[in-house]
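Thank you for making the time this morning.

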Amino acid sequence: PVPASATNGTDSMEYWYESIDGNYGSENAPTETGCYRVTATFGETDLYKETTAVAEFTIEPKPLTSAMISISMDDAVFNGGVKTPDIAVRDGDKTLVPGMDYTVSGDTSATGAGTYTIAVQGTGNYTGTAEKTWTVTKADMSVSAEDVKATYDGTAYRIAVKAPEGAVITYSTDGENYVTETPVYIGAGVYIVHYQVTKANYNTVTGSAAVIITARPITITAEDQSKTYGDNDPAYTWKIVSGDLVSGDRLTGIAVTRTDSGEDAGSYVITATQETGANPNYEIEFVDGELTIERREISDAMVELGSELIADGKTQTQEIQSVTVTNRKGETMEVTYDVTGSTGREPGAYRMTITGTGNFIGTITYSFVIAPAAPDNTAAGTSPRTGDDSRLWLWFALMLVSCTSMVRITRCSKRKKRG
């Protein structure tokens, strides 16, 4: 076009614009794309004749760019409905008209979450194709899982995850490797289970819950036992006095012992314990028992007297060489005892009383004799002469003591056989 600054010394200059194809003619410069001719006419002056200049020019379509495209949407979160974005194309301050300046193709609407692409094709005064993406974001799912708490009862326990219908739930025991099968637990312990919930168009949800199985409470007591002093300890046993075992279970590693190894008559504590790590599914409370060692009865004791007593006009004491009993092991045991009635002065038969003390109990009576002193005219230890009955009573006493001793020996012999 003729530059606006061109002049021939006059201010009279006119422009005329027309399209080459004849569809446009105006004093105003065209804005639409196309081929044009401009005619500039300079008016006549005192010095110059009227002059006309002609030039041709072309207005090319403007290329579209993605920066010219804007996409907006009131709610871009998936909700199961159709999402249609608002598309606007602007050239500076000018808003382009769809259908006149451009057309739109591609993903102009969507129902699922994801990223979509539209293509804007320039028409008329615009050319080229520009793309723009828009997104429907995933929705959040309502997922929950609670800890499972139980007391060991042999039942298998697992967590329960509540999720929308159609969701896929996977589980992990280490938080890294997931499987579709739910872990199950039977024994006492605390187990952490991780879960992952996925569903199309929803954000993945991860979390964890615990299976807490407490040990089953039971009470075990060491059973009371007894024995007689000198015998071996009985077999120690225990029993459940509170609670019960799950069907098919058996307790192992439990031992019953007494804390004091003393063997004197009295009471001793019996304790029940278990090995470390034994019976992990049970919370066991142990109750002590009692071992009672009874004093041994001396009613069948064997008594051995000391030297024979002969009257000498003084009070004498019959010495006891030993008092013994036999236990169930066949061992001879020395009896501790007190004795009464073991003294005498005059010749004759006496009965002493032996009472067990310490680890022994009971009493027995035992006969002893104080023999008369021999007369001067009779040798000690000889039989009385015919008609001399001065020592006849002594022979009867000795026979009585001998018979008593024989009966006691016979009883002891029978008892030993039974033992």
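Let me begin with a pair of residues: arginine 351 stands opposite serine 367, which lies in β36. The model is a predicted one, in which local features need pLDDT of at least 70, side-chain atom pairs count only at pLDDT 80 or more, and totals for chains, interfaces and linings use all residues. Residues are numbered from 1 along each chain as its sequence is written, and side-chain values use heavy atoms, with hydrogens and water left out.

Strand β34, residues 348-356, pairs with strand β36, residues 363-371, in the antiparallel sense over 8 bridges; strands here are DSSP runs of E of at least two residues, numbered from the N terminus, and two of them pair if DSSP finds at least two bridges between them. Both belong to an open sheet of 4 strands with mixed pairing, in the order β28-β36-β34-β32. Its edge strands, each pairing on one side only, are β28 (309-310) and β32 (337-340).

Turning to serine 172, we find this residue in strand β16, residues 168-172. Serine 172 counts as buried because its relative accessibility is 2%, where buried means under 20% relative accessible area with a 1.4 Å probe, protein chains only. Its side chain makes a polar contact of 2.7 Å with the side chain of aspartate 174, that is, a pair of N or O atoms within 3.5 Å, one able to donate a hydrogen and the other to accept it, with residues adjacent in sequence counting only if both atoms are side-chain atoms. The serine 172 side chain also reaches the backbone oxygen of asparagine 177 at 2.9 Å.

Finally, phenylalanine 78 sits in the loop between β6 (69-72) and β7 (86-91), and at 12% relative accessibility phenylalanine 78 also counts as buried.

Technical notes
Buried means under 20% relative accessible area, exposed over 50%, partly exposed in between (1.4 Å probe, protein chains only).
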